[in-house]
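Let us walk through this structure step by step. Keep the sequence and the 3D view side by side as you read.

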Amino acid sequence: MTKSIKNYPKFKLGATFTKEQLDFFNKNGFVHFTGVLSPTEVDELIAGYEAAQEKLIKSKEKTVKGIPVIFGHDENGKRIVQRFPYTSYYSERIKQLVLDSRIQGFKHLLTERSSRVTDSERDGVVFNHYVNSKHSRFKQMGWHTDSIREVFYAKKVFPTLNIGIYLDNSSAVNGGLRVLPATHTQGLFGMLFTKMYYRNTKEDKNEVLVVAKPGDVVVHHGHIWHRVGHSEHTDSVSRRRVMYIPVLCGPKQKRKPPKEGKTGKTPIYHHLHAFAKFDQ
Ligand SMILES: O=C(O)CCC(=O)C(=O)O
Ligand SMILES: [Fe+2]
């Protein structure tokens, strides 16, 4: 484990990554870029999500391409989509973001030739909307690595990235992402047993809190341990919206298209979420 880096450096995104940026990412397993998207772009993405949410709620579907959706109610009692997989299938604006050269460039944080930004594998582009309100079902996320799913499928575990697009201010006030720096280098044993997956929501003395503004992009390695805290505040103060776009390597993880009239099979991995503490 590296020494605590509570005040980690934040970077500006250029045409290519600097040595300092690559070194920071390779050593710590995450890297933070400020002001990647403009306030207008942030507003457009939120509007894209809101329109997609209306479509999904109207359709009465409970899964998207077999992946369970988390629905809840916000502080005004409005039904909302709190974990929305494959959003780019529901929003042209979100699809456009995936194809944007700034986002596509993040694949170069990995050295594998097959590394790709993708919206059609795993859970696609996931939109997370946390809020601490009475009927919210998504208020926090316990410790996990994103690569556990690959371990589950007993495939070779390739490196992956998750590109986090911040749409609200994010800090301890509304929960905030906490990462355990350098845990992406631990290997399979560390990936399996560092913490109890999802059930463990406790603070770790070595965790680093990501403090971000709307338009920031924070990329983390799929093997790094991370969690999202529970806001001590309620209602709109606790709102935290962040989108994740995956970068994968190796063979395509295309999931079989669902049979006609079916919504598709839910991957075994997702049953782990049954143990998750999202809403306590
Ligand atoms: O909300 C976040 O910042 C992290 C979400 C996350 O870790 C996940 O969806 O796997
Ligand atoms: Fe995660």
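Predicted model: local features only at pLDDT ≥ 70, side-chain atom pairs only at ≥ 80, totals over all residues.

The protein has six helices and 14 strands. Its C-alpha atoms fill a box of roughly 45 × 40 × 40 Å along the principal axes. How does the radius of gyration fit a compact globule? For 280 residues, such a globule would have a value near 19 Å. The protein has 18 Å, so the two agree. Buried residues account for 42% of the 280 residues. Take the contacts between residues at least 6 apart in sequence: 83% of them join residues at least 24 apart.

Now turn to the core. The largest nonpolar core holds 56 residues. Which of them touch the most other members? They are Ile163, Ile165, Val218, Val219 and Met243. Strand E14 gives the most to this core, with six residues.

Met243 is found in strand E14. Is Met243 buried or exposed? A residue counts as buried when 20 or more other C-beta atoms lie within 10 Å of its own. Met243 has 25 within that distance, so Met243 is buried. Leaving out residues up to four places away in sequence, Met243 touches Leu45, Val125, Val126, Phe127, Ile165 and Leu167. Thr87 is 156 residues away from Met243 along the chain, yet their C-alpha atoms are separated by 9.3 Å. Ile165 has its own set of contacts. With residues up to four places away in sequence again left out, Ile165 touches Leu37, Val217, Val242 and Met243.

Next, follow a run of paired strands. Start at strand E4, residues 70-73. Four bridges join E4 to E5, and the two run antiparallel. Gly72 stands opposite Ile80 in E5. E4 and E5 form a hairpin with five residues between the strands. In that hairpin, Gly77 takes a positive phi near 80°. Strand E5 covers residues 79-84. E5 is mostly covered, with five of its six residues buried.

From E5, step across to E7. Two bridges join E5 to E7, again in the antiparallel sense. Here Arg83 has Asn128 of E7 as its bridge partner. Six of the seven residues of E7 are buried, so E7 is largely enclosed by the rest of the structure. E7 then pairs with E14 over six bridges, also antiparallel. Tyr130 stands opposite Arg240 in E14. In a regular strand, side chains alternate between the two faces of the sheet.

A separate group of four strands comes next. They form an open sheet in the order E8-E13-E10-E11, with antiparallel pairing. Which strands lie at the edges? They are E8 (141-144) and E11 (208-209), each pairing on one side only. E8 is joined to E13, residues 226-228, by two bridges. His144 stands opposite His226 in E13.

His226 leads on to the ligand. Which residues surround ligand 1? The shell is made of Val126, Asn128, Met141, Asp146, Gly164, Leu177, His226, Val228, Val242 and Tyr244. Strands E7 (126-132), E13 and E14 (235-248) each give two or more residues to the shell. By type, the shell divides into six nonpolar residues, three polar and one charged. Some names return from earlier stops. Asn128 of the shell is the bridge partner of Arg83. Val126 of the shell is one of the residues that Met243 touches.

Finally, look at the backbone. Most residues other than glycine have a negative phi. Two residues here have positive values. Lys60, which is not a glycine, has a phi near 70°. Lys60 lies in the loop between helix H2 (39-59) and strand E2 (63-64). With 6 C-beta neighbours inside 10 Å, Lys60 counts as exposed. Asp235, also not a glycine, has a phi near 55°. Asp235 lies in strand E14. With 15 C-beta neighbours inside 10 Å, Asp235 counts as partly exposed. Strand E14 thus holds both Asp235 and the buried Met243.

Key. Residues numbered from 1 in each chain as written. Chains lettered and ligands numbered in written order. Pairing = 2+ DSSP bridges. Near = placed C-beta within 6 Å. Nonpolar A, V, L, I, M, F, W, Y, C, P; charged D, E, K, R; others polar. Rg over C-alpha atoms; globule rule 2.2 N^0.38 Å. Buried ≥ 20, exposed ≤ 12 C-beta atoms within 10 Å, placed from the backbone. Contact = placed C-beta atoms within 7 Å. Core = buried A, V, L, I, M, F, W, Y, C linked by C-beta atoms within 7 Å.
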